[in-house]
Amino acid sequence: MPLGAFRVATCTRRLQHRFSISLTFSSLPQHQPHTLHKFLPWLQKKATSTISSSLSIANSSYGNSLFASKTIQTGDCILQVPYSVQITPHNLPHQINVGNIAKLAIVLLIHNNLGQDSEWHPYITCLPPQEEMHNTIFWNQSELDMIRATSVYQETIYHKYQIEKDFLAIRPVLETFCQSFGDFTCKDFMHACTLVGSRAWGSTKGLSLIPFADFLNHDGISEAIVMSDDDKQCSEVTADRDYVPGEQVFIRYGKFSNATLMLDFGFTVPYNIYDQVQIQFDIPKHDPLHGMKMGLLQQYFVPPTNDAKGLKCSVNSFTIKEVKSARGKGKGVPQSLRALARILSCTRPQELNHLVMEAGQTDGRLARRPLQDTNKEIQAHQMLSSLFFQLIEERNTTVMSLDSCHTSSLCERLPVRREMARDLLHGELRILKSASAWLENYCFSLTR
């Protein structure tokens, strides 16, 4: 029976009668390594088709992983998972008004609660328990303090708040259908949401868990990804390189920075080519032209929006990427950030009015061209240099404290999370230093 046939609204009473006891939600079970060899045959029997003839599942340092069971060549289709054996939230009651991740998490909890009576029991027992997950949402306060200087700190707090908000919203709805559905805790729900957020894939059919495919681990430089084929009604992966038998097979989850990887997936990579830094550049409250400058920001800059995680992005929030060459064009330093610096460097209303007039005579964008006063242009970019220097110092201080910390701990998770914090901070330092070097070179070029 595919998951689509499991209808919470109509089956709840029958489930209660069937078990003649209250359904009590428990934490998702720990995976059972001795059952891994049975997983693929079970899934292929359920799908009535071959999922993969070239991959096998085994445990590695990354958890459950997929390995080449025979020689794989570039371009080979290494797995195909039919839509019919993918887990979706499509048939939950329409009264459950939360996002797709939360909906799919509810489905996961329902099937987990059914235990061996669930059609998905062999899959659920292969999922990692919370104790083995390192998403920042599970970090305690002392662990979060290691990344306080970064945007991931606030994003983690917001992410946790959003899950708790969803939990409070869905609990009374589920209790309407069955009193026992209120027995699962916010901790259970948070674990399920994190499993879904780190394993589910989006397609034209919406969000779904793709058993077996979600055992593939991430490699940021891989070109292989999970693709959906609506004509074949399946999700598939094509090898982007050759593999020999016994070699672990990787795909790319996306072009994600370490900030995203640790928040959403619970790991980092030592040198991440997709790293970036989220910074905020504020107009000083004591600035005599504060009101006028704020008005120009709201009029000429992109209005506040919600990003992919639901966080509010203000007009003075910017994403910095690595500047490959100090003598290049500085593409990692956003033009909008440099424009804001030019606005902040203005000390008289006439200077701001001149920028508005210039924007009207050109492409309509405010302060996107160098200021005519060279000293002012240098001053504007030196303001950015000062900001970057401050951010670099904050991260350097944190890294030094991590490197000097030799606290013996019985908790196995701390060394892992400390290393994740190092990866994040070292990546952000690389980005900020490259931007700082470019700014220094730009200011020097104006003095020649």
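Helices (H or I, at least four residues) and strands (E, at least two) are DSSP runs, numbered from the N terminus. This is a predicted model, where local features need pLDDT of at least 70 and side-chain atom pairs count only at pLDDT 80 or more, while totals for chains, interfaces and linings use all residues. Residues are numbered from 1 along each chain as its sequence is written, and side-chain values use heavy atoms, with hydrogens and water left out.

**View 1. I273 sits in the loop between α8 (258-265) and β10 (276-280).** I273 is partly exposed, at a relative accessible area of 47% (buried is under 20%, exposed over 50%, partly exposed in between; 1.4 Å probe, protein chains only).

**View 2. One side of helix α9 (residues 290-300) is tucked away.** H290, K293, L296 and L297 of α9 are buried. These residues span an arc of only 130° around the axis, so they share the same side of α9; the arc is that of the directions from the helix axis to the C-beta atoms. Why do residues three or four places apart point the same way? An α-helix has 3.6 residues a turn, so that is how the spacing works out.

**View 3. The buried residues of α9 pack against α10 (335-345) and α11 (349-361).** Contact here means heavy atoms within 4.5 Å. Zooming out, the chain has 13 helices and 13 strands, and 51% of its 448 residues count as buried. Among contacts between residues at least 6 apart in sequence, 73% join residues at least 24 apart.
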